[in-house]
Amino acid sequence: MRNFSYQRPESNHAAVRAREGRSTMFLAGGTTLLDLMKLDVMRPEQVIDVNRLPLDKVKKTADGRLEIGALVSNTALAQHPEVKTHYPVLSQALLSGASTSLRNKATTGGNVMQRVRCHYFRDGVSPCNKREPGSGCSAINGMNRSVHAVLGTSDQCIAAHPSDMCVAMAAIGATVLVNGPSGSREIDFLDFHQLPGETPYNEHALRPGELITHVVLDAPADGARSTYLKLRDRASYQFALASSGVIVAVQDNRIQHARIAMGGVGTKPWRAANAEQSLLGQPPGREVFSRAADIAFENARPYAHNAFKIPLGKQAVIRSLITATS
Amino acid sequence: MSESNQRYIGQARPRIDGPKKLSGEARYAADHHLPDMTYAYGVFSTIASGRINDIDTSAAEAMPGVIDIFHHDRFPSLHRSPDNFANGTKVDEPRLPFEDDRIYYAGQFVAMVVAESFEQARAAAYEVQVSYRPDTPITRLEEALEQHKPTPDEGSRHERGNPDSAWKKAPQRIEAVYNTAMETHNPMEMHASTAAWDGQSGRLVLYESTQGVVFTRNTIARMFGLLQDKVEVKAPFIGSGFGGKLFVWPHAVAACAATRSLGRPVQLMVPRAQMFTTTGHRPATRQTLKLATDADGRLQAVIHDSVNSTSMLADVPELCGRCTKSLYACDNLRVSHATVPMNCGTPTAMRAPGAAPGLFALESAMDEMAEAVGMDPVAFRLRNYTERDGSQDLPFSSIHLKQALEEGARRFGWEKRTAKPGSMRDGDEILGWGVAACNWEALKVDAKAQVTLQADDRVLVSCATQDIGTGTYTVIAQGAAEALGVPIESIDVELGDSRYIYGPLSGGSWVTASILPAVAQAARAAVEELKGYAIARGGPFESRKKDDLSFENGALGVKGGEMLSVAEILQARRLANAVGEASTSGELGKAYSYRSFGAHFVEVRWDPGISRLRVSHVLSAIDVGKVVNPRTAANQVEGAVAMGLGMALFEHTEFDQASGLPVNNDYAEYLVPSHADFPDMEVMFLHYPDYNFTSEGARGVGEIGTTGLAGAVANAIYHATGKRIRDIPIRLEQLMVDDLAATG
Ligand SMILES: Cc1cc2nc3c(=O)[nH]c(=O)nc-3n(C[C@H](O)[C@H](O)[C@H](O)COP(=O)(O)OP(=O)(O)OC[C@H]3O[C@@H](n4cnc5c(N)ncnc54)[C@H](O)[C@@H]3O)c2cc1C
Ligand code: SF4
């Protein structure tokens, strides 16, 4: 860890204004940031601790949406009655992540902003376009089994987005509220995370100095059931090899509403819109689900060690759809 | 001693050191903060092979708090350790840290910054600029085998009969190659040294996380050219070692050198990432098994040829055939071992070295052979059961493998198993049941103990062995309480200090068997000394002879007459204590072969629709002689089973092929079983004391549970999926069903 200046402002306004230089970072739970600072991978010169900001509430908006403060912990969000009742996919996704102690510290804003688990990024020395633009990508021809993607990759970077929470949010539909030097704005959740493309170091839509204040979930879909299925080597405390968060409403044995999002397989929380389309109006069933899964992975590109994620991801989609409709 | 009267030995007792560990009172190597202490942090090689071109420390030196920076051009000249087990100077890696500019593995110490605080040292370490002249590293066993001819380990080779021709002639035979991955010990407590040199007295004190305070003292003394009594090594508590802390690693040497150079105490912790490089590992193995039977399933030939990866610095053979040579009846048999070097740190013993990977291969092969001859796996093992160790042509001192297999099978419900792979279903899941034998040498080494009866009626037992988390404190207290007939609550045990009377290295599962006889003898010697005080002039039994007196329930007296407490006697003579010492030999009778046995029964659940494999039930029937403390012993078996599960399914220390840098060097990415992975677990001790082994009848229990487990898991997986996987860890992609439509 290197020396940095430290502030702990009390208001959003002060937090946004406190920013001095280019390498400023907000500190929330610290489970990503402090980790990477100790590994010398993230080197902020200024750390702005946001834990005193009044952003720790979950509340229902007038139009039936759910507004989650950026500092709400992963544990609190998973246990929140609104979330458990109306967004089980989110509660399940959160509880499948990390460990109890990490979830107690981890915040909603921090989770949205968590960094990739690619070991070449984290080791601080291997060529990595994300950490050191232009240095190359060690993973493409290296060890890329567990935490690398098959969807949305580029020749510059193939690291998977690691979050479970974000997969559920992508399925539900959400808006990210941000507050920055030039005021407040809203970002559609699906536009928040960015594909690596030619610029893998650009990971999200925040402008310099912008603070996430809330994530607002879309109102729950009528009559829908949802579930999250995370597949991994061990039973707990591992990032997804492949996961699937689905929301489905069936009426008269026809699928009326379908949302499919996938984790562990994409370079961002991955919505499978075409796969959703293929389900609409169909009777729920293995064959229909299986076709949707194929569509979801149509453009998947396997690498030396992670080709299995394509069939595994399909299995996650199929089984979670079966669970949500049975 | 007749068993039924035993009040402490054989009883399930909680750990006497438990409260200290729970409350944080137990201090580990890096918990010691000495006055005026400095902190060191390593700079570790980021190439796996080559040379250091240049080390530029100028920026680091200018950082706040930096005191000194060591590297190969700036390090005191030391001596290598004689590296001799017999005189307690064995090391794993003979090369000293900073010996020269050569790089043999990624993560090798290339420099070390000493600063006023840990954070300052670490920050400065990041500023040390090292440039290299890299060579292409060898990072995998396959690659090493392509580039080097393996070096045979002649000493461990065993051959009897004519295995090759017997194999060729036999009516039923199999041949298969098994691969096991490199694994890292991963104890919770990282390696750490807190070293303090006192220039005036020329003494070195070292708090080290070690499984051997005596070995460490001897080794460090040799390296620094000091007399043994000028070095004190302390490890009252260690957060486990699993074999990775048996011998001295470079960090300890570096810390001692730094404190001697600077004249201030130095603390050096090995960061978690470097626990995967510079402090040992279980090497990767490739094992070729050839088994043959007659038409009735009797083994006619067993050939087990094994080669393992080692470092560029030392040949460390992993003795995979150490159990194969005697576990089953077979007249034509060979086991052989060889090593091949690659660019990794030096391998070392890891819980059940040799036996764990070796029995994975043998017990997988036994299953394959059973299938080839059309026999049930339990029945096939029983058919080849023997009570003689064929490698030594001696009877086993005590063997209950048969009972382990039979009673274990009964308890597990093995008769309900249907043989056809994939034939046992439960909803979306397919069950697989597998069995494997476990096996480990029963070892014993020289030991000493000191028992002090004190004037406050407490008893102190001390010895320079260690409790590495296995329950040694508790077992020693039980032994002393038993020998003296006093409540266990009145016993204090002090271990882990090289100034105490000699104690054994905590390894090989030999501590309990070795130390208990010494403790019992020392207790008797202390009572004798006490009797001497009691009958001497001014003593309470002045007119009596020693033989008139007996010691019962902590009191001394004439049978039927007045009994006086230890305190009363010592106070009468104004003495502080009565001290007894004993020394027992590790030598074992030559009439037997001494080994422990057991059997694991494993149930896996395979959900092909989501490619999910979980181990749901393990029953381990364990034959380790007398069980001194069923509670700590069961805990050892459970932990060993967890480690076996890790070996079977998760653990694999991986390196980038091009750079040779480790890629999963933390607790998030190097997978070990989590609590949620731990199955329903039953430990079944068979309780047959082995009095041919020692008077206590107890063989060790620390390692045996890890042996065979991976084989039982692989066999259960085969039974569930029909896929015989010969490479561990077994991963879901090896098991996936390709036809999704069939399974979804
Ligand atoms: C061992 C381990 C295992 C894990 N396993 C999982 C898992 O299985 N699934 C999973 O989903 N996650 C997992 N995680 C990741 C964990 O969920 C994230 O680390 C956590 O959510 C980050 O939240 P935080 O509050 O601690 O963020 P911090 O570490 O405080 O911050 C992370 C980043 O977000 C920025 N940031 C924080 N708050 C804001 C804000 N309000 N506005 C703008 N920027 C902000 C920070 O500047 C920083 O860049 C794991 C983490 C660890 C260490
Ligand atoms: S996958 Fe991305 S994060 Fe990993 S090495 Fe390549 S560029 Fe870096």
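## Close-up views of a predicted two-chain model with a ligand

**View 1. Ala70(A) is a buried residue.** Ala70(A) has 27 C-beta neighbours inside 10 Å, so this residue counts as buried; the cut-off is 20 or more. The model shown here, as in every view below, is predicted. Ala70(A) sits in a loop of chain A. That loop runs between β5 (66-69) and α3 (74-79).

View 2. Asn12(A) lies 58 residues from Ala70(A) along the chain. The C-alpha atoms of these two residues are separated by 11 Å.

View 3. The site is shared because residues from chains A and B surround ligand 1. The shell holds 32 residues. The closest are Gly29(A), Gly97(A), Gly109(A), Gly110(A) and Met113(A).

View 4. Two or more residues each come from β2 (24-27), α2 (33-38), α6 (100-105), α7 (108-112) and β8 (211-217) of chain A. By class, the shell has 17 nonpolar residues, twelve polar and three charged.

**View 5. Chain B meets chain A.** On the chain B side, 32 residues are in contact with 27 residues of chain A. Three elements of chain B, α3 (118-125), β29 (612-623) and α17 (732-735), each supply at least two residues of this side. The largest share, three residues, comes from α3(B). The chain B side divides into 14 nonpolar, eight polar and ten charged residues.

**View 6. Chain B is built from helices and strands.** Chain B has 17 helices and 31 strands. The radius of gyration of chain B is 27 Å, close to the 27 Å that the globule rule gives for 744 residues, so chain B is as compact as a globular protein of that length. Along the principal axes, the C-alpha atoms of chain B fill a box of roughly 90 × 75 × 50 Å.

**View 7. Burial and contacts inside chain B.** Of the 744 residues of chain B, 58% count as buried. Among contacts in chain B with a separation of 6 or more, 81% join residues 24 or more positions apart.

Methods:
Residues numbered from 1 in each chain as written. Chains lettered and ligands numbered in written order. Predicted model: local features only at pLDDT ≥ 70, side-chain atom pairs only at ≥ 80, totals over all residues. Helix = DSSP H or I, 4+ residues; strand = E, 2+ residues; numbered from the N terminus. Rg over C-alpha atoms; globule rule 2.2 N^0.38 Å. Buried ≥ 20, exposed ≤ 12 C-beta atoms within 10 Å, placed from the backbone. Contact = placed C-beta atoms within 7 Å. Nonpolar A, V, L, I, M, F, W, Y, C, P; charged D, E, K, R; others polar. Near = placed C-beta within 6 Å.
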